[in-house]
Amino acid sequence: MSCFRLENVSYRYDKATVLQGVDLRLEPGEILGLFGHNGAGKTTTIKLILGLMQPVGGSLSVLDGSAGDSQVTRHIGYLPENVMFYPQLTGREILAHFARLKGADLRQVPELLTQVGLDDAMDGRVKTYSKGMRQRLGLAQALLGKPKLLMLDEPTVGLDPVATADLYRLLRTLCDSGTGIVLCSHVLPGVEPYIDRAAILTDGALKATGNLEALRRQANMPVTLMLESTGTLDSLENAIRQCNGVTRPVMKNINNRLQVDVRPADKMPLLTALMASGEVADVGIHQPTLEDIYVHFIGYGGLAHRGGVQ
Amino acid sequence: MNSVWTIARKELSDSLRNRWLLAIAMVFAVLAVGIAWFGAAASGQVGYASTPATIASLASLGIFLIPLIALLLAYDAIVGEDEGGTLLLLMTYPLSRGQLLFGKFLGHGLTLAFATILGFGVAGIAIAVLVEDVGITSLALAMLRFIGSTILLGWGFIALAYVVSVRASEKPVAAGLALAIWFFFVLVFDLLLLGSLVASEGKLNPELLPWLLMLNPTDIYRLLNILAFGEGRQLSGVLSLGNDLPIGQSGLWLGLVLWCVAPLTLAWALFRKRRI
């Protein structure tokens with residue numbers, strides 16, 4: 001059973017294409033990061049999976065059923081980007097209300113509130129909550145009824161670093177017990193260690209998808225080596241130029257260390273040759289981060305996309 | 001059905017919590033008692049005049065107040081949830097749009113019904129106990145009819161408020177439109193009707209004219225409470241058309257029920273089209 005499967009899905013609104021030919025799937029026990037600029041189609045993708053809208057083309061199945069079916073939505077947890085909830089009610093009352101709607105056990109209510117760290121505040125009115133506390137309440141809401149598919153839109157907004165770490169630990173536990181999780185976030189360095197796969201959307205099309213390794217291969221971005229010389233930097237530079245079969249890399253002297261940007265395919269041949277030359281005292285290797293890969297796929301004109309509607 | 005009741009229950013407990021229910025009941029009780037005691041003040045005396053006169057005065061006041069209260073209670077039902085972000089969330093739950101709307105209607109409807117029964121009920125009991133030689137049976141019957149029709153009128157306007165609420169994108173817009181609805185049915189409609197009667201100089205089909213009153217729930221409500229006493233002569237203005245309405249009591253009741261069902265159905269149809 002897949003958590004969801006999108007095949008060649010497209011969506012149009014007022015003749016404007018919002019999504020175009022998206023293929024995406026999520027298996028149980030997997031954490032997928034869904035990234036893209038504002039208006040790239042992340043929210044639309046999530047709304048399609050939630051069954052709030054029907055795709056114009058392509059096919060979509062969620063938890064082996066059709067999106068929006070009440071037997072399916074019962075097993076989905078969703079944290080929207082910005083929920084105010086009902087300011088006059090207490091956290092406990094709100095969670096109980098949603099638990100009843102979901103058909104979840106009411107005994108989960110205090111348990112979940114404790115789990116997200118609201119045990120002291122659960123009987124306070126939500127209008128007195130800080131943004132972070134509302135976010136925690138939203139999380140507790142998403143976890144009602146042990147969902148098989150969990151979709152979180154910017155889950156760490158307003159959370160302090162400790163709470164953020166707690167959240168990711170919690171997600172890992174859920175994931176290990178077979179929940180499929182989708183994470184939408186703009187805080188890329190924050191989510192990088194926790195996701196199994198990433199999907200990058202631009203202008204309604206899926207630009208790239210795969211685990212970090214596959215994305216790195218696909219992006220073919222240079223790896224940065226920081227080299228410390230045993231002798232002088234000049235002799236190190238010479239040694240690099242003399243390497244056979246390696247495209248001449250870009251080199252820069254930074255604080256008496258040599259920064260070398262090398263193509264991924266050239267990395268090992270170059271390192272092997274340098275080790276043999278005895279010119280290198282120390283090596284630091286910097287793989288492109290998720291953020292680098294993201295920028296590579298999205299393009300640098302990020303701000304030009306800001307007009308998009310979420 | 002369970003989720004419908006969950007939604008209704010929240011609305012009901014909300015209106016208990018923010019004291020809406022109690023406030024509406026108090027307003028109704030004070031008004032009813034006030035009218036019962038001072039209704040005859042125009043004729044130079046203080047005290048209970050008669051049951052028909054009291055009910056007629058209450059109904060005349062009711063058409064201003066009840067639609068206003070119902071609209072205020074319900075205008076933000078859907079658009080308010082949307083602004084708080086909870087509409088999006090609710091729609092990801094195993095809950096259809098119809099269930100949400102009907103649950104809201106049940107909650108708001110029960111709030112108004114309880115307030116009406118409590119407020120006018122207390123007033124009715126006070127009249128029965130305090131006024132000497134009042135016909136208890138006729139008073140009870142008139143009060144029951146009045147309370148029943150008041151509840152139906154209120155429900156109709158709750159449903160009309162939903163029509164606005166499912167269409168509007170912002171709460172202030174919904175509030176403005178709700179006020180416009182009140183203005184139209186309570187103030188403008190009768191004027192329009194009167195104006196077109198005069199302007200047509202009797203060329204309109206006289207058989208058709210009384211039916212035009214059925215286009216306004218507040219007119220049906222007044223007819224229902226006044227005609228029941230067989231005192232058609234009390235009808236003034238356009239309402240005198242009601243004497244020629246060939247449908248009787250049950251027809252008027254049916255009209256009020258239709259005025260609940262039709263707007264609610266329309267609201268549901270529009271809600272299904274709303275983009276979330």
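**Close-up views of a sheet and a helix pair**

**View 1. In chain A of this predicted model, three strands form an open sheet in the order 2-1-4, with antiparallel pairing.** Strands (E, at least two residues) and helices (H or I, at least four) are DSSP runs numbered from the N terminus, and two strands pair if DSSP finds at least two bridges between them. Strand 2 (16-26) and strand 4 (57-62) of chain A each have a single partner strand, so they stand at the edges, with one side of each left without a neighbour in the sheet.

**View 2. Strand 1 (residues 4-13) of chain A pairs with strand 4 of chain A in the antiparallel sense over five bridges.** Within this pairing, Arg5(A) stands opposite Ser61(A) in strand 4 of chain A. Helix 1 (residues 42-50) of chain A packs on the sheet and touches strand 1, strand 2 and strand 4 of chain A, where contact means heavy atoms within 4.5 Å.

**View 3. Helix 2 (residues 20-38) and helix 6 (residues 97-130) of chain B pack with their axes 8 Å apart, at an angle of about 30°.** Axes are lines fitted to C-alpha atoms, for helices over the stretch in contact, and angles run from 0 to 180 degrees between N-to-C directions. That angle makes helix 2 of chain B roughly parallel to helix 6 of chain B (under 35 degrees counts as roughly parallel, over 145 as roughly antiparallel, 65 to 115 as roughly perpendicular and the rest as oblique). The contact includes Phe28(B) and Trp37(B) of helix 2 of chain B, and Phe114(B) and Leu118(B) of helix 6 of chain B.

**Notes.** Residues are numbered from 1 along each chain as its sequence is written, and chains are lettered from A in the order in which they are written. Local features need pLDDT of at least 70, and side-chain atom pairs count only at pLDDT 80 or more, while side-chain values use heavy atoms, leaving out hydrogens and water.
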